Amino acid sequence: MTPEKKIIDRVALDKLYESLKAAGNKMFAPVFRNEQTDFEYNPNASEISYNHIQTTQSVKNTVFPKIENLFRFESSQKGVDLLNIDFTKVPRVVVWNAHPCDAAAFSALDSVFNWDFKDEIYNSRREKLAVIGMSCIKADENCFCTSVDLNPGSVKGSDILLTPLANGTYLAEILTEQGKAIADANASLFTASNGENKEEVLAKVEKQFDHSKVTENLANGFENPFWHEFSLRCIGCGACAYVCPICTCFDIQDESKAGNGRRLRCWDSCGFGLFTLHTSGHNPREIQSQRWRQRVMHKFSYQPDRNEFIGCVGCGRCSRACPVDMNILEQLVALEKLEVAK
Amino acid sequence: MDNLRQKAKELLESKTVNLVIGYENGTNGKARAVFITDPEKTGKLIYDERCKQNLAVYLNKHEVKHYGKIAIVAPLMVMRSILVLVSECQVKKENIVALGIGEDGSLLDFPSLEVVEKYVAKIPLGNPQSDQEILDKLNAMTMEQRRAFWQNELERCFKCYACRAACPMCYCLRCTVECNQPQWISAPAHPLGNLEWHMLRTMHLTGRCVSCGDCGRACPLNIPIHLLTMQQAEEAFHMFGVRAGTSMKAESALSTYKPDDKENFIL
């Protein structure tokens, strides 16, 4: 559809939030708590943070929760019965006030979960998801969206993208049919736009590297000593993967008592030594530098090659969450300049 | 700082060690670990109040052990961690040179780890004051209040295991949470699984935790999990008179039986 532009003021914005919540949507919005800003389900409108730069976690939890029940099982003398979970009953969710990097990440998730196998569970959540994005008027030294083909006002992935204007109102770009349905159902909260320009309020994020050069160097840099030197510091936790909006690796766990239980899909990370450990005891990624290389290769080499997207939206969460300062931007800038034999 | 750089340089030049682990300036004003093999690069070394990571976590890392003899910048928590790791046969004492850092930030001369033991013996040990104050508040709560506090904190955990990865004493090649034949504790990051995981880790560190607080600092979700192991460190001291990281011959509080062990905690 042709995007429409409208204006919504701050009071009406709270009313829109309450209206969507009252309509039965589960609202996923950022809140400042425990000395950090992170997304929560159904906070009060007054609790929502509008002045943070980045939340600790991404919004992937809405479609790829940290634990997903896949099915239940019951065993009896006759055998095992598998009991499907009715995924038509998953709630409608509205991601509220997500930055453009988070909104853009959904297309990468869609691609991964529909690449070969169509993941019914993911898709049933995704079909009931609406994204109200919020352009960034602030950024910090960890942000690098402009280096991965996005920008602080990217409309990609949002149904409605809001941009806070200098006069305290918000420019609302209504981008999809779903966004239009939301705007139409709450038409009294919006006023007509008068050619407001969002570009002048957007955060300035300098382009830091050429991602196609990184991809090119990675194709020839598998055995480069770079990986060992840059990753001795990595302690092999999963913080980077778990806060990443695009990391989708998971592990399958069964939980049962006396033969009855459930099968769960749980987040996993290629940074863990167990991730590739074979039953034989052999581990093709035996040491941490190989695991770190896998993380970078997957995002900037394999995914561009196979899925035709970059597995990174430049949100900088991994750099902020890392306890030992494995800064992804620093590494990508170094990889762009890496001298590799071709 | 010049003394530290000079000493590190000498150790590498004389080939006394093959690797120096220390701190350097990282990105965005942070300090971080650095691994130096070239004597000409010891100028990167720094030491200031930002240098909080417990570098001893690297001593047991496969790629680091590969270097053989290693010098490590060692403020008190690192010294104590080295002593625990030697007592638990995880590192060979002849492979470690401690570049000791005194409480005033000056370089201490430690010709051997025996001298480290003597140095640690003179320092009053316990939890950092700011953490102990929070523990005192928690200990003054009723059991129900404490349970509610921890349930609220731990349900956020998503099991990235940064706490485990940051801890020098969490060196098991296969952590209990990863054993599934049988499954001892619940692996998924639901409230029960999280509670089981953090209780297990706390129990396993009883009498072995040097109260460095790195597990809490590593947590990306700001869950104050270091308070659990710090409380256990105090419990172990009061029950068994053991402070972790004071001797290379220390016996583990929970795996050593003594006829005069207190039994008053048995319900």
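Reader: How many residues does the contact take from chain A and from chain B?

Author: The model is a predicted one. In it, the contact takes 31 residues from chain A and 29 residues from chain B. On the side of chain A that touches chain B, the elements giving two or more residues are helix 7 (239-243), strand 11 (250-257), strand 12 (260-267) and helix 8 (288-306) of chain A. That side of chain A divides into 15 nonpolar, 9 polar and 7 charged residues.

Reader: What makes helix 5 of chain A and helix 8 of chain A roughly perpendicular to each other?

Author: The axes of helix 5 (residues 211-219) of chain A and helix 8 of chain A cross at roughly 90° and come within 9 Å. Angles of 65 to 115 degrees count as roughly perpendicular, and the two helices are therefore described in that way.

Reader: Which residues make that contact?

Author: Helix 5 of chain A supplies A:His211, A:Val214, A:Thr215, A:Leu218 and A:Ala219, while helix 8 of chain A supplies A:Met297, A:Phe300, A:Ser301 and A:Pro304. By class, the contact of helix 5 of chain A with helix 8 of chain A has 6 nonpolar, 3 polar and no charged residues.

Reader: How do you know which term applies to helix 5 of chain B and helix 10 of chain B, roughly perpendicular or roughly parallel?

Author: Helix 5 (residues 129-139) of chain B and helix 10 (residues 226-240) of chain B have axes that cross at roughly 85° and come within 10 Å. Roughly parallel would require an angle under 35 degrees, whereas roughly perpendicular covers 65 to 115. Helix 5 of chain B and helix 10 of chain B are therefore roughly perpendicular. In this contact B:Asp131, B:Ile134, B:Leu135 and B:Leu138 of helix 5 of chain B meet B:His226, B:Leu227, B:Met230 and B:Gln231 of helix 10 of chain B. The residues involved divide into 5 nonpolar, 2 polar and 1 charged.

Reader: Why is strand 6 of chain A called largely enclosed?

Author: A residue is buried if 20 or more other C-beta atoms lie within 10 Å of its own. In strand 6 (residues 93-98) of chain A, 6 of the 6 residues are buried, so the strand is largely enclosed by the rest of the structure.

Reader: What makes strand 6 of chain A a partner of strand 2 and of strand 7 of chain A?

Author: Pairing requires at least two bridges between the strands. Strand 2 (residues 26-33) of chain A is joined to strand 6 of chain A by 3 bridges, and 5 bridges join strand 6 of chain A to strand 7 of chain A.

Reader: Is A:Asp149 to be called buried, partly exposed or exposed, and why?

Author: A:Asp149 has 16 C-beta neighbours inside 10 Å. A:Asp149 lies in the loop between strand 7 (129-134) and strand 8 (160-164) of chain A, and its phi is near 70°, a positive value in a residue other than glycine.

Reader: Why is B:Ser211 placed in the class that it is?

Author: B:Ser211 has 23 C-beta neighbours inside 10 Å and therefore counts as buried, the cut-off being 20 or more. B:Ser211 is found in the loop between helix 8 and helix 9 (214-218) of chain B. Its phi is positive, about 60°, although B:Ser211 is not a glycine.

Reader: What makes the peptide bond from B:Gln181 to B:Pro182 worth a remark on its geometry?

Author: That peptide bond is cis, with omega near 0°. Most peptide bonds are trans. B:Pro182 lies in the loop between helix 7 (162-166) and helix 8 (191-204) of chain B.

Reader: Into which domains is chain A divided, and how do they touch?

Author: The domain assignment of chain A gives domain 1 (4-192) and domain 2 (211-337). Their centres, taken over C-alpha atoms, are separated by 24 Å. Of domain 1 of chain A, 33 residues are in contact with 29 residues of domain 2 of chain A. Strand 4 of chain A gives the largest share of the domain 1 side, 9 residues.

Conventions. Residues are numbered from 1 along each chain as its sequence is written. Chains are lettered from A and ligands numbered from 1 in the order in which they are written. This is a predicted model: local features need pLDDT of at least 70, side-chain atom pairs count only at pLDDT 80 or more; totals for chains, interfaces and linings use all residues. Two residues are in contact if their C-beta atoms, placed from the backbone, lie within 7 Å. Helices (H or I, at least four residues) and strands (E, at least two) are DSSP runs, numbered from the N terminus. Ala, Val, Leu, Ile, Met, Phe, Trp, Tyr, Cys and Pro count as nonpolar, Asp, Glu, Lys and Arg as charged, and the others, Gly among them, as polar. Axes are lines fitted to C-alpha atoms, for helices over the stretch in contact, and angles run from 0 to 180 degrees between N-to-C directions. Angles under 35 degrees count as roughly parallel, over 145 as roughly antiparallel, 65 to 115 as roughly perpendicular and the rest as oblique. A residue is buried if 20 or more other C-beta atoms lie within 10 Å of its own, exposed if 12 or fewer, and partly exposed in between; C-beta atoms are placed from the backbone. Domain bounds come from an automatic or database domain assignment.
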